[in-house]
Every structure is written in C-alpha cells, then in structure tokens.
Amino acid sequence: MNAQLVQEGIPVLAEQLPILMVAYFQEHAMTQQDIANVLQKDKAGIQRSVQTLHKDGFLKIESDIEDKRKNMVSLTTSGKFVCERIQALVIAFDNQVMGHFTEEERKTFISYLDRVAAVIEK
C-alpha cells in the first residue's frame, strides 16, 4: 500500500490514512481522543501520527476553546486534497476489480460482506 501511495505521488503512509479519512468525513474538528475512539486505537499512537500529519501540512491542530488541555484536529486544504485523491484511487480500484464480475456476482459478494460486517458488529 505504501509503495502504491508513493507511486501515485501521495506522501502519506498507509497507517496514517484512517486518521485523515476520519477527519475528512467529520463536519467539525475532533479531539485526538475522539479519533482514537473511532479507530479503536490507543491515543499515543494516534497522537504521533497526528503530529506527523500536522508537520507535513495535512492536519491543523488547535487548542480547544473551552478546554485548553484538548487539541482539536481538522484537515487543511492539502489534507482535503489528499483525501479526495485517495477516494478517487479507491473508486478506480473498486471499478477495476468489480469490472470482472457480473451484476449478480457483485450483489452476492456485497451481501456476503454485509453478513461479515453484521457478525463483526455483534
């Protein structure tokens, strides 16, 4: 995955993608703890990646107005651009893979994935 990102000119590690995508799909800035909770990761690991992404210009970190102990994390313009490029790559990959299946096979495959997700959520 990292090699593919480099090949596409996206200077982000695969481990950092979930953090960017969580920030991308949120309407408002989130705390680092919120991101850790969504991703079910430890806060220290998230904090390291957030700091790296901030240093690389993809995330903005600001102190919470109400609680200065908390950092609010949001995407920069560069971060949004990278997320949009990643989404386009994922869609293209999905289309490339699913293009080898009939409509019926796609529906069956998706139904299996839905069942797996339902089992995992229990």
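**Exercise 1. The sheet**

In what order do the three strands of the open sheet stand, and is the pairing parallel or antiparallel? Work from the predicted model.

Solution. 
Step 1. The order of the three strands in the open sheet is β1-β3-β2, and they pair in the antiparallel sense.
Step 2. Take the pairs in turn. Two bridges link β1 with β3 (residues 71-75), antiparallel. Between β2 and β3, also antiparallel, there are five bridges.
Step 3. Now go down to residues. Met-30 has Val-73 of β3 as its bridge partner, and Thr-31 lies opposite Met-72 in β3. Met-72 also has Glu-62 opposite to it.
Step 4. As background, strands of a sheet pair through backbone hydrogen bonds.

**Exercise 2. Cover on β3 and α2**

How many residues of β3 are buried, and how many of α2?

Solution. 
Step 1. A residue is buried when its relative accessible area is under 20%.
Step 2. In β3, four of the five residues are buried, so the strand is mostly covered by the cut-off of under 20%.
Step 3. In α2, six of the eight residues are buried, and this helix too is mostly covered. The buried residues are Leu-17, Ile-19, Leu-20, Met-21, Val-22 and Ala-23.

**Exercise 3. The buried side of α3**

Solution. 
Step 1. Gln-32, Ile-35 and Ala-36 are the buried residues of α3.
Step 2. These residues span an arc of only 100° around the axis, which means that they lie on the same side of α3.

**Exercise 4. The end of α3**

Which residue just after α3 has a positive phi, and is that residue buried or exposed?

Solution. 
Step 1. The residue is Gln-40, which follows α3 directly and has a phi of about 55°.
Step 2. Gln-40 belongs to the loop between α3 (32-39) and α4 (43-55).
Step 3. Gln-40 is a residue other than glycine, yet its phi is positive.
Step 4. The relative accessible area of Gln-40 is 73%, so Gln-40 is exposed, the cut-off being over 50%.

**Exercise 5. Contacts of Ile-61**

With which residues is Ile-61 in contact, leaving aside its neighbours within four places in sequence?

Solution. 
Step 1. Ile-61 sits in strand β2.
Step 2. Its contacts, with those neighbours left aside, are Gln-32, Val-50, Gln-51, His-54, Asn-71 and Met-72.
Step 3. One of these can be checked by distance: Ile-61 and Gln-51 are 10 residues apart along the chain, and 8.5 Å separates their C-alpha atoms.
Step 4. Among the contacts of Ile-61 is Gln-32, one of the buried residues of α3.

**Exercise 6. The largest pocket**

Which element gives the largest share of the lining of the largest pocket, and what classes of residue does the lining have?

Solution. 
Step 1. The largest pocket holds about 220 Å³ of space.
Step 2. Two or more lining residues come from each of α1 (2-7) and α5 (77-98). The largest share, six residues, is from α5.
Step 3. Residues in the lining include Met-1, Leu-5, Leu-17, Ile-86, Phe-93 and Gln-96.
Step 4. By class, eight lining residues are nonpolar, two are polar and one is charged.

Conventions: Residues numbered from 1 in each chain as written. Predicted model: local features only at pLDDT ≥ 70, side-chain atom pairs only at ≥ 80, totals over all residues. Heavy atoms only, no water. Buried < 20%, exposed > 50% of the residue type's maximum accessible area, 1.4 Å probe, protein only. Pairing = 2+ DSSP bridges. Arc of directions from axis to C-beta. 1 Å grid on protein atoms, 1.4 Å probe; cavity = no way out; pocket = protein on both sides within 12 Å on 5 of 7 lines; lining within 4 Å. Points joined across faces, edges and corners; volume = space filled by probe spheres on them. Nonpolar A, V, L, I, M, F, W, Y, C, P; charged D, E, K, R; others polar. Contact = heavy atoms within 4.5 Å.
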